[in-house]
There are 2 protein chains.
Amino acid sequence: MIPERTIGRLSLYRRILDQVLDQGRTYIFSHELAKLSGNKPAQVRRDLNVVKCPGCASKGYDVQEMIRCIDSTLDGPDKQRIALVGVGNLGRAVLHYFLGRRKKLEFAAAFDRDHDKVNRVIHGCRVYHIDELNDVIRKENIRLGVITVPVSEAGHIADLLVHGGVRGILNFTPAPLRIPPGVYVENIDITSAIEKVVYFTDLGNREKEKE
Amino acid sequence: MIPERTIGRLSLYRRILDQVLDQGRTYIFSHELAKLSGNKPAQVRRDLNVVKCPGCASKGYDVQEMIRCIDSTLDGPDKQRIALVGVGNLGRAVLHYFLGRRKKLEFAAAFDRDHDKVNRVIHGCRVYHIDELNDVIRKENIRLGVITVPVSEAGHIADLLVHGGVRGILNFTPAPLRIPPGVYVENIDITSAIEKVVYFTDLGNREKEKE
DNA sequence: TTCACGCTGTGAAACATTTCACAACAAATA
DNA sequence: TATTTGTTGTGAAATGTTTCACAGCGTGAA
């Protein structure tokens, strides 16, 4: 089982490598990828070992081979079908963002309460009413969900998703979801992120402990 | 200097405590806050020690006192003025999200290239053209920036922000920004987040190493 | 062929974070 | 007052992650 931090870095490497490949490079050294991704060379080499990607002492790593190794770790063998709940600004941003981005991921259905949005197709994804959630995710065999509703609804939506058979959730809400074991939840908490920036940006007016 | 993880948890505790307070509770035990935030009680107690929040062995922690302690750690003494660059779906979602949420944070200006958006006020925030960025953030004395533009623009925008005097950036783009020392960057990478969910959601079709 | 170079792969050290486990204590009870 | 109960605060152990540092190797130069 690979640690979460490592998975995050692998995901980033892959996107960088896609670009590197577009530029026509075929080999890359660990210190170069380190620079591009903001890490130390030793870290990059460790990460690549984890996905069993071999390097060559004189040429570095074969870019295509690296991408293959990362793919075989990160991607499941089949296409992953995802449901998005909450077609507000954030929901639309997520849909738009992923449009054709990764071939192994597909937003197969979106849900909202607002009847003006229901039955439209937004960024290639059909929008259903929330009442249809259970039926649709079962019929479409969806196992992953993204929650982009207002905080107050998040708990309820999470329950619906889990009840419909979803096994992994990306939650953009700060609400801590109570979820049965066996269901994985990843949280993105925008408020926390801004507050981190505020804290770590030394604006010279806070007395922090010396180190 | 408090570690990043701890800051993230404190931010979460604070939001939970705001709710707890609304419900009329005045005291709370570490194991209760742990449950509500998805942590272990010992972790919660350590975190509260870090912000010098004293507890009482029989009643637990005074909720208001806790909030005060967290405030004095997370918030700077003055209101923080923030610029948001990129008024697309994601940008609007961020603006909307923060509308009156935290008194110490204010989105003082937004920027976009699209002339249809310029000079409008969106979620209480005036939108300027990107060409005005430097002037406006200097005049408004803005030290924090949020980047919600397409990936390809991120590097350029980051340079503009830094050049204008911004010291902390929240970057929603997967582009690794090259930034001078002294400027803090926090990244939110939506693609990585989804890929983490895909990986850690055991859909039974990947051979993971036994542990 | 031999040497010098610069890289990979990795054991071990360093560092960071979480969790355990328990002494000390405040309140409630008798 | 003495006893019981359940919590805080924290040293120390456990665990997790990053970084160092170097042996070993392939390549190119002489």
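## Helix packing between the chains

The axes of helix H8 (residues 190–200) of chain A and helix H1 (residues 4–22) of chain B come within 9 Å and cross at roughly 125°. H8(A) and H1(B) are therefore oblique to each other, and their crossing is right-handed. From H8(A), the contact involves Thr191(A), Ser192(A), Glu195(A), Lys196(A) and Tyr199(A), and from H1(B), Glu4(B), Ile7(B), Gly8(B), Ser11(B), Leu12(B) and Arg15(B); two residues are in contact if their C-beta atoms, placed from the backbone, lie within 7 Å.

## Basis of the model

This is a predicted model, in which local features need pLDDT of at least 70 and side-chain atom pairs count only at pLDDT 80 or more, while totals for chains, interfaces and linings use all residues. Residues are numbered from 1 along each chain as its sequence is written, and chains are lettered from A and ligands numbered from 1 in the order in which they are written.

## Symmetry of the two copies

Chain B is superposed on chain A by a rotation of 180° with 0.0 Å of shift along its axis (RMSD 0.0 Å). The two copies are thus related as by a two-fold rotation axis. In chain B, the C-alpha of Asn89(B) is nearest the axis, 2.4 Å from it.

## Surface near DNA strand D

DNA strand D is surrounded by 24 residues, of which Pro3(A), Ser58(A), Ser30(B), Gly55(B) and Ala57(B) are the closest. H3(B) gives the most to this surface, with 6 residues.

Terms used: A residue is near a molecule or strand if its C-beta atom, placed from the backbone, lies within 6 Å of it. Helices (H or I, at least four residues) and strands (E, at least two) are DSSP runs, numbered from the N terminus. Copies are superposed by least squares on the C-alpha atoms of residues with pLDDT of at least 70 in both. Axes are lines fitted to C-alpha atoms, for helices over the stretch in contact, and angles run from 0 to 180 degrees between N-to-C directions. Angles under 35 degrees count as roughly parallel, over 145 as roughly antiparallel, 65 to 115 as roughly perpendicular and the rest as oblique. A crossing is left-handed if the near helix is turned anticlockwise from the far one by less than a right angle, and right-handed if clockwise.
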